[in-house]
Each structure stands twice: as structure tokens, then as C-alpha cells.
Amino acid sequence: MQQLVEQAAPPGADFLPLNGTDYVEFYVGNARQAAYFYRAAFGMSLVAYSGPETGVRGRASYVVQQNKIRFVLTTPLVSEGPIAQHVQRHGDGVRDIALWVDDAESAYRETTRRGGKGVRAPETLRDENGEVRISAIAIYGDTIHSFIERRNYCGVFMPGFKAVEQPDHVARPVGLKHIDHVVGNVGWGEMNKWVEFYQNVMGFRLYQHFDDKDISTDYSALMSKVMANGNDRVKFPINEPAEGKKKSQIEEYLEYYKGPGAQHIAMATDNIVDTVGRLRDQGVEFLRVPVTYYQELERRVEKIDEPIGKLEELGILVDRDDEGYMLQIFTRPVEDRPTLFFEVIQRKGSRSFGKGNFKALFEAIEREQASRGNL
Ligand code: FE2
């Protein structure tokens, strides 16, 4: 059963206060082209660049942004080293889910003394716009959380990057506002280990959970727990595969990503019909659910503001709980490996993650898995 687990915040002050997600960094095979994809398809604007021209050797990074959503696309310029190894092993994928903090030193100290594995000791980066303090710890797989403190910085991103001054004529914004949640896939039996990590090391609490009875089809199953930080601005659902008749979508991910990693990033909009219409026009490919989904929709979710015909035309899903409803849609994987994908979400009161849609959705994912010969 889905449960809103209104677990009380742990006693004492939040030892890891978070202002939100600062950016998500992807390690990719070709950052210039990946940046073009996020600009042209998702409507993000190129705002900053770092590479040999800015005095950074061995890598190039493009920062693209839409409202509060910021992606950094980084590629290695050499065939050796950790970035190249990450790309070789995982394909294009998320390296860093960076969190915005007021004190990067304290974030590092508090998390590492609770068992977090440090990957970057606190460091101060400076340029003419001030200073950014940064530190980082490891999470599942080869993924990390950087802690970014930027209260003494007024530049566009961070030292080492130069602002792109001219307006981005490629980007056609689609109304994506902020990151709602980032989901991690972890290995068999590892979900609770990572739930405990977020509880003990990061001071998060259990927000919702789903078991394999909620999330199973004839073929595949998974279990999921949603972790939230003290002020609920940051939510990380953690999935693990569960035993099903055939290979689950989580197993397919783990096989192709070669281990745990970020499965999807959900981006919020205030007008999902408009946003998804624009994304489709710009070439973003979404999962399709069968027409039967819409025949039952009105009975299932009752009165909603959006015309059901329009939702059906665009393939948008709806789910309701006692607090309101939410609308959501999922893209197909955005690389050739069936790994990372995106969700577009609009919340109208509901804090849920769309349990009522899981079955229809997973059947749609399985059709795609079958077409790849992986079911
Ligand atoms: Fe999601």
C-alpha cells in the first residue's frame, strides 16, 4: 500500500539544511551535442561554459538552465581519467545530484561523521564574482551529492565557468520550473541500505513507500521508498527490483547502467498540457499508455480541470489522493542505453508519486523492453 508516512522530523535541529537542488551534472560522451539536445528539445538555455578556453584542462562543461532547473553536461577531452571511465562504464548518465546549502563545510562534516564517504573535502573556488564553497560525498553506484554554498557568489554559475552573454536562440522554453524529485535505482535487496543512508547520514525521513503489490504487473515488480529532507524541498525515491515472472525494468536499467544510478528526474510545470505539447513539438518522445487508460480515467479521478481528450491526445496520466490530484508523463530513455529518462509533473494538491498509474505505466515500459528483446 502507498502510505504517506507522516514520520516526525528527527529530534533536534536539521543537521543538513538544504535550500533545494543546485544542479544535476551528467557525464556524457559529447557535451556539446548533449547541450544542444537539452536546449532544442527541453528548451533549456545555455548560460555558462567551462573548458580549455576558461583554463580548465581535460574536460568541457556546458551549463543549461530553465527557471530553477540547472543541468551541467560534462565530457572528457582525454581518454583516461574518472570522467572517461564513468562514460565508458555507464554511458551518458548522472554523476552528481548537487544540493544547495548555506554551509558546505558543515554539510561535509555532519554527513561524513555519520558515515558518509567523502569524495571532495571542502574547498573554496574564487573568481571576480566572489567565492563558491564546495564539498561532496558518495551515494549509490558512482553517483555523488556535491554540497554547494554560493551565498558569497554573484556570478552565473561558479568559478571556472564563463557566462554565455548572448541570448540562446536555440532554446524555446517550455515552462519547466524546478526539480520535483530524482529517483535512484539500486541493486537487489539494497533499498533499505540506501533508505538508512538518507536517514542516518543525510537526516532525511521516510515520506512514502510502495511495495511490490503496488508496483507489479504480470512480468515485473519493484519496491520503492521515497525519502524527503527536513523542509521537503528535496525528495529522493529509491527503487529496487522485486521478483517477477520476467526481468523487471529496474534490472534492465542495472544491467545497462552497470550498477545503481539515477533512473529519472522529475521536473515540475504549472501547465502540463502546454509544457508537454511544446516538448512533443520539439521532438521529446514520451511513453504511450493504451487508450483504455482514458476510458476509466474519469471514474477513477473524478472531476479535474483539464479536458480528458487533451490528456489522452498528449498521453498525460492523472492520479488522485485525499489531498488533490497530480498529472504526470514520462519520456522514453534519452540515450540509446535504456537508462535515464525524465518525468514532467504538475501537482494540484497531491503529494503522491502516481501510484494509480504504476500499472499502466509499467505495462507501457514493458512493451518497450520487449521491443528491445530485454523482457
Ligand atoms: Fe517520478
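This is a predicted model: local features need pLDDT of at least 70, side-chain atom pairs count only at pLDDT 80 or more; totals for chains, interfaces and linings use all residues.
**View 1. The chain is assigned two domains.** Domain 1 covers residues 20-163. Domain 2 covers residues 176-372. Taken over C-alpha atoms, their centres lie 25 Å apart.

**View 2. Domain 1 and domain 2 are in contact.** Domain 1 brings 39 residues to this contact. Domain 2 brings 35. Together they bury an area of about 2900 Å². Carbon and sulfur atoms give 68% of that area. Look for F42, I69 and Y140 in domain 1. These three residues supply 24% of the area that domain 1 buries against domain 2.

**View 3. Polar contacts cross the interface of domain 1 and domain 2.** There are 12 residue pairs in polar contact here, with both residues at pLDDT 80 or more. Salt bridges are another matter: the count between domain 1 and domain 2 is zero.

**View 4. Helices and strands supply the side of domain 1 that touches domain 2.** Three helices to find are α1 (31-40), α2 (82-90) and α3 (104-113). The strands to find are β2 (20-27), β5 (69-76), β6 (93-101), β8 (130-138) and β9 (144-149). Each of these elements gives at least two residues to this side. The largest share, five residues, comes from α2.

Definitions and conventions:
Residues are numbered from 1 along each chain as its sequence is written. Side-chain values use heavy atoms; hydrogens and water are left out. Domain bounds come from an automatic or database domain assignment. Contact means heavy atoms within 4.5 Å. Buried area is the accessible area (1.4 Å probe) that two parts lose on being put together, summed over both. A salt bridge is a side-chain nitrogen of Lys or Arg within 4 Å of a carboxyl oxygen of Asp or Glu. A polar contact is a pair of N or O atoms within 3.5 Å; within protein, one must be able to donate a hydrogen and the other to accept it, and residues adjacent in sequence count only if both atoms are side-chain atoms. Helices (H or I, at least four residues) and strands (E, at least two) are DSSP runs, numbered from the N terminus.
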